[in-house]
Amino acid sequence: MSLVQNVKDDGLAGLEHNFVTGQVENLVRWSRSRSSWPATFGLACCAIEMMATGGSHYDIARLGMEVFRASPRQADVMIVAGRVSQKMAPVLRQIYDQMMEPKWVISMGVCASSGGMFNNYAIVQGVDQIVPVDVYAPGCPPGPETLLHAIETLHTQIETGEIMRRREANGGAGAGIIVEQRDGQGESSMITLGSKR
């Protein structure tokens, strides 16, 4: 039976789930997932890969993220790219606090996720000690493909609402989702990171 026949027989009930018959909550989630603006927080070599992701070759404009905001009040995604020093930690937290709700954090690279090779007093051993992390992008440094995969994972979680359920279960903390490294720099298996929460 055609769509016209379904509508003729059943009215709006004959339409499949779409923008007319969809729930407002689903439409809000869909629009949030496709209009997230990142507040850049590039600290080390991962920032070069993040800049490459914003270039024309990878074109994150198709994901609604072409505008890297300089003001945290206009951003809702923080991409922490690189190692976070103890001196930079209060600045990172202040920028996170100034971002509008709802807000999400992507931890890009092994240094941001767990301190990496810098196991010393000067480097924060995981940015999740400062801000709640929603998605971890593994690698040293993760390539643009891995960051794109992390962004798409975040968008899927925003759209399905799963990320908010995970936050509620963790007492408002990040969802802690791990993505696969996709840039050929490492093994293609899932990389598991231990959570500090």
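The model is predicted: local features require pLDDT of at least 70, side-chain atom pairs count only at pLDDT 80 or more, and totals for chains, interfaces and linings use all residues. Residues are numbered from 1 along each chain as its sequence is written, and side-chain values use heavy atoms, with hydrogens and water left out.

**Overall fold**

The protein contains 7 helices and 5 strands. Here helices (H or I, at least four residues) and strands (E, at least two) are DSSP runs, numbered from the N terminus. Along the sequence, these elements follow the order α-α-β-α-β-α-β-α-β-α-α-β. Of the 197 residues, 44% are buried; buried means under 20% relative accessible area, exposed means over 50%, and partly exposed lies in between (1.4 Å probe, protein chains only). Among contacts (heavy atoms within 4.5 Å) with a separation of 6 or more, 74% join residues 24 or more positions apart.

**Helices α3 and α6**

Helix α3 (residues 46-53) packs against helix α6 (residues 144-160) at an angle of about 70°, and their axes are 9 Å apart. Axes are lines fitted to C-alpha atoms, for helices over the stretch in contact, and angles run from 0 to 180 degrees between N-to-C directions. The angle makes α3 roughly perpendicular to α6, a term for 65 to 115 degrees, whereas under 35 counts as roughly parallel, over 145 as roughly antiparallel and the rest as oblique. E49, M50, A52 and T53 of α3 meet P144, L147 and L148 of α6. These contact residues comprise 5 nonpolar, 1 polar and 1 charged; Ala, Val, Leu, Ile, Met, Phe, Trp, Tyr, Cys and Pro count as nonpolar, Asp, Glu, Lys and Arg as charged, and the others, Gly among them, as polar.

**Two loop residues**

Q86 is located in the loop between β2 (77-81) and α4 (89-98), while F118 belongs to the loop between α5 (110-114) and β4 (135-137). Q86 is partly exposed, at 45% relative accessible area, and F118 is also partly exposed, at 25%. Not counting residues up to four places away in sequence, Q86 touches Y121, A122, I123 and V124. With neighbours within four places likewise left aside, F118 contacts R83, C111, I123 and Q125. The table gives two separations for these residues.

| Pair | Apart in sequence | C-alpha to C-alpha |
|---|---|---|
| Q86 and Y121 | 35 residues | 8.0 Å |
| F118 and S85 | 33 residues | 10.0 Å |

**A charge over a ring**

K103 sits over the face of Y96, 4.3 Å from the ring centre. This arrangement requires NZ of Lys or CZ of Arg within 6 Å of the ring centre and within 35 degrees of the ring normal.
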